[in-house]
Amino acid sequence: MFRKNIPVMKKILKIFVVLVVLILIGSWFFIQKNKPVYNGNLQLTDLKEEVNVYFDEIGVPHIYAQNQKDAYVALGYVHAQDRLWQMELIRRISAGRLSELFGEDMVKTDKFFKGIGIERAAAESIKKLDTSSQAYILTQAYLDGINQFIENGPTPIEFRLIGIEKVKYTIKDIYNVFGYMSFGFAQGHKTDPFLTNIKNKLGDVYLKDLAIDIDPKSEIIQNNNSNQKNTNGIAASVNSIFDNSLVPPFVGSNSWVVGAKKTKNKKVIFANDPHIGFSQPAVWYQSHIVTPDFEIYGFNLALTPFPLLGHNYDFAYGMTMFENDDIDFYEEMEDQTYEIRKETIKVKDGDDVTFDVKVGKHGPIMNDFIESIDSDKNIAMDWIYTKLDNEMLDASYEISHAKSLSDFKKGVSKIVAPGLNLMYGDAKDNIAWFASAKLYTRKSDISTKFILNGDSNDHDQINYVDFSKNPQAVNPSWNYVYSANNQPDAVAGVLYPGYYLSEDRAKRIVDILQPKNDFTKKDMELMVNDVRSSVIPDLIPVILNDLSKVNLSDNEKYAIEILKKWDGEFTGNEVAPTIYTKFLWLFIENTFADEMGESDFEQFLKTHIYKRQIAKQIHTRKSVWWDDITTKNIKENRDEIFTKSFHESINALEEQFGNDVDSWKWNKAITVTHKHVFDKVDALKNFFNVGPFVTDGTNEVLNNQGFPINKSGVYEVGHGPSTRRIVDFSDVENAVAILPTGQSGNVFSKHYKDQAQKYLKGEFVKMMLNKEEIMKSEDKLILKPLE
């Protein structure tokens, strides 16, 4: 019987083998057809002359054209073939159109962004553009390249899986990107409602002990310019939107520019690493454009023609977040007249959602699109970005096309929002830092950190500051400039209000830069990957000195010895970071959660105030926050909170990792995954995600691996350096950079994740400028005018 079945089984096996081969062949052809085209010949319309595009070993396009318009058509085309899906997401988020792709889960997000009016503000700014300007003409050329790829290129697999059609792009989509970037940089929407709620609930005595304002004694960027209701629904909604965002939020950054007198080769060295939410694809797209009258090696956001980070043989520039206050909230009176805007959200597989938004003299009424605002008063959002004309397109063009420091400064001066620190260095030994934003002042007794009175003339009075008065430093006597999102120094005796980060990274930068005068590019590579805190080693003795030494277990005694010897380095094989971070969570929870309550405590952890509060609270012996209000007839002090938190920390770590303290390595607690939009789809996430990986670093060290501190003791990094760049003007052709994953967002590309391991190891790749080297590339794409 068995022998009779053998021929049948052989036949089935042959059929199975044939099917497998056919599937493999089909898959191969599908991948070949849908991956980016890095070599060969293509014809494009609207080209005047042939354009040669060389793709280097990491997939960066080096575009050689005879004129800039042709170059930007080519840039649009190659940018789209690597990042069209990313472009689609980012154009939709601030326009409130994600529900069209993902259904009702995105309605809350869409309602918020339609409500605040980014797209409407974009339309008003676009009306005022000079259509004869080079910025406009080159932008349209860039869009033309993108749209030609949409017409003729393959459809990204994400479009196929979701089931959407490709739709051409317009300049409004570019302005929507600027709007999302501006909103992502703002902090007022997370902080002002939270502080107002704390004031209403707990009173001024508790606010007094919070690090609302910057301590003037902390590390401040030096300036050489001689010129009873719950409002927390706003903060909770904004934080929820960013926590679940399909587009990475902008978080913070480092940059420093070292003057020629402080370098070994006596030429400027420039370094920059903007901190942005990790995602796949990576945020930045690298490109290199060369024409007879122009050259730039740049880093572009999706749908932005002009790079926000860049360099050439003559100058380098980059940015960090300014963190200035550019959003105010007003509690409105009922007797004013409102404009009524009707908004409609189209929902995939669902009914349209239509709602009205009232717009008053201070902006849109948040109650109309944030359901969780528990207030009987209307709360309006007054935001500089939607209030004033936005010139970000012209500004980014002028910055990238600057011929001199004065040209660069002129471009920077046009930025209204988002608030940015623009960093500059050049081959002529100039260095500079400019805080760019439209700043304004109010009466000295009015704090914009709280919701303002919409019926008060005093609260309405603002005076705009001329750009010449903005914080800035040009060729300072101390021979370096830097920014780490910390408070800028005073101008005319005034510290500009904002939501600045703690001094941790700033202090480390100054500690490294100040004493040394022979910096090299290698020094900068080590510095940008540095994971040592300059603040924590000063906190450890304070904690340990006040810690009760009574009834300590052997593991607790050993943990104390480990902390005593620790230099603040957050490397994977260290045990001290694991102990300290667990203690930090419990110390913060035991200090603040009882008074704040669950909701407010959650929002507190998502503001910059919590990071500034850590050192302040540890150093403060007498504070109203030390008492645990849940214990009756007992008033706790600092020693007791430290001791309780330490005991709980060691107990929790024993439960998590076991009793062998030496095994509590930091690399067991921290992990990073670069998540694709399909991360929540189990069948797809392993195909599209990059990671998980073990990493070094933590919050607020130079290699800023940001994660939400939490009870679990497992720390999933959500943001960090979106690129690391170093330009040494003594050897510009060997400038280096790295991306967290890869240049392409196309999962079938060989450059989808080819930089991931190098990034984790702190390595770099060359940003090639030398034409002879570039022309040796194996991948050459020739774009020809359509005949």
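## Aromatic pairs

How many aromatic pairs does the structure hold? In this predicted model, the count comes to 45. Let's look at two of them. Phe583 and Phe587 have ring centres 6.0 Å apart and planes at 5 degrees, so they make a stacked pair. Both residues belong to helix H20 (residues 576-604), where they sit 4 residues apart, or about one turn of the helix. Phe583 is buried, and Phe587 is buried too.

Now for Phe687 and Phe688. Their ring centres are 5.0 Å apart with planes at 85 degrees, so this pair is edge-to-face. What about burial? Phe688 has a relative accessible area of 1% and is therefore buried, whereas Phe687, at 45% relative accessibility, counts as partly exposed.

Some rings gather into a group: Phe112, Phe113, Tyr180, Phe183, Phe369, Trp383 and Tyr385 make up one aromatic cluster.

Rings also meet charges here. Lys111 places its charged end over the ring of Phe355, 5.2 Å from the ring's centre. Over the ring of Tyr759 sits the charged end of Arg724, 4.1 Å from the centre of that ring.

## The nonpolar cores

The largest nonpolar core takes in 226 residues, and the ones with the most contacts inside it are Trp256, Trp284, Phe408, Tyr580, Ile588 and Phe604. Helix H2 (residues 68-93) supplies the largest share of this core, with 14 residues. Which residues does Tyr580 touch, leaving aside those up to four places away in sequence? They are Ile536, Leu539, Ile540, Leu563, Trp566, Phe570 and Ile614.

There is also a second, separate core of 5 residues, and its members include Tyr64, Val290, Met768 and Ile774. Two of these names come back in the next section.

Is strand E6 (residues 285-291) mostly covered or mostly open? Mostly covered: 7 of its 7 residues are buried. In a regular strand, side chains alternate between the two faces of the sheet. For E6, one side carries Tyr285, Ser287, Ile289 and Thr291, the other carries Gln286, His288 and Val290, and all of these are buried.

E6 pairs with strand E3 (residues 61-64) in the parallel sense, over 3 bridges. Here Val290 of E6 has Tyr64 opposite it, and both residues are in the second core. E6 also pairs with strand E7 (residues 294-300), this time antiparallel, with 7 bridges joining them. Ile289 has Ile296 of E7 as its bridge partner. E6 and E7 make a hairpin, with 2 residues between the strands.

## A three-stranded sheet

Elsewhere, 3 strands line up as E14-E10-E18 in an open sheet with mixed pairing. E14 (378-383) and E18 (452-453) are the edge strands; each has a single partner strand, so one side of each lacks a neighbour in the sheet.

Strand E10 (residues 327-332) pairs with E14 in the antiparallel sense, over 6 bridges. As part of that pairing, Glu331 has Ile379 in E14 as its bridge partner.

## One side of helix H5

Which residues of helix H5 (residues 118-127) are buried? Ile118, Ala121, Ala122 and Ser125. Their arc around the axis is only 105 degrees, which means they lie on the same side of H5.

How values were computed
Residues are numbered from 1 along each chain as its sequence is written. This is a predicted model: local features need pLDDT of at least 70, side-chain atom pairs count only at pLDDT 80 or more; totals for chains, interfaces and linings use all residues. Side-chain values use heavy atoms; hydrogens and water are left out. Buried means under 20% relative accessible area, exposed over 50%, partly exposed in between (1.4 Å probe, protein chains only). Two strands pair if DSSP finds at least two bridges between them. The arc is that of the directions from the helix axis to the C-beta atoms. A nonpolar core is a set of buried Ala, Val, Leu, Ile, Met, Phe, Trp, Tyr and Cys residues joined through side-chain atoms within 4.5 Å. Contact means heavy atoms within 4.5 Å. Rings of Phe, Tyr and Trp (its six-membered ring) pair if their centres lie within 6.5 Å; planes under 30 degrees apart count as stacked, over 60 as edge-to-face and the rest as tilted. A charge sits over a ring if NZ of Lys or CZ of Arg is within 6 Å of the ring centre and within 35 degrees of the ring normal.
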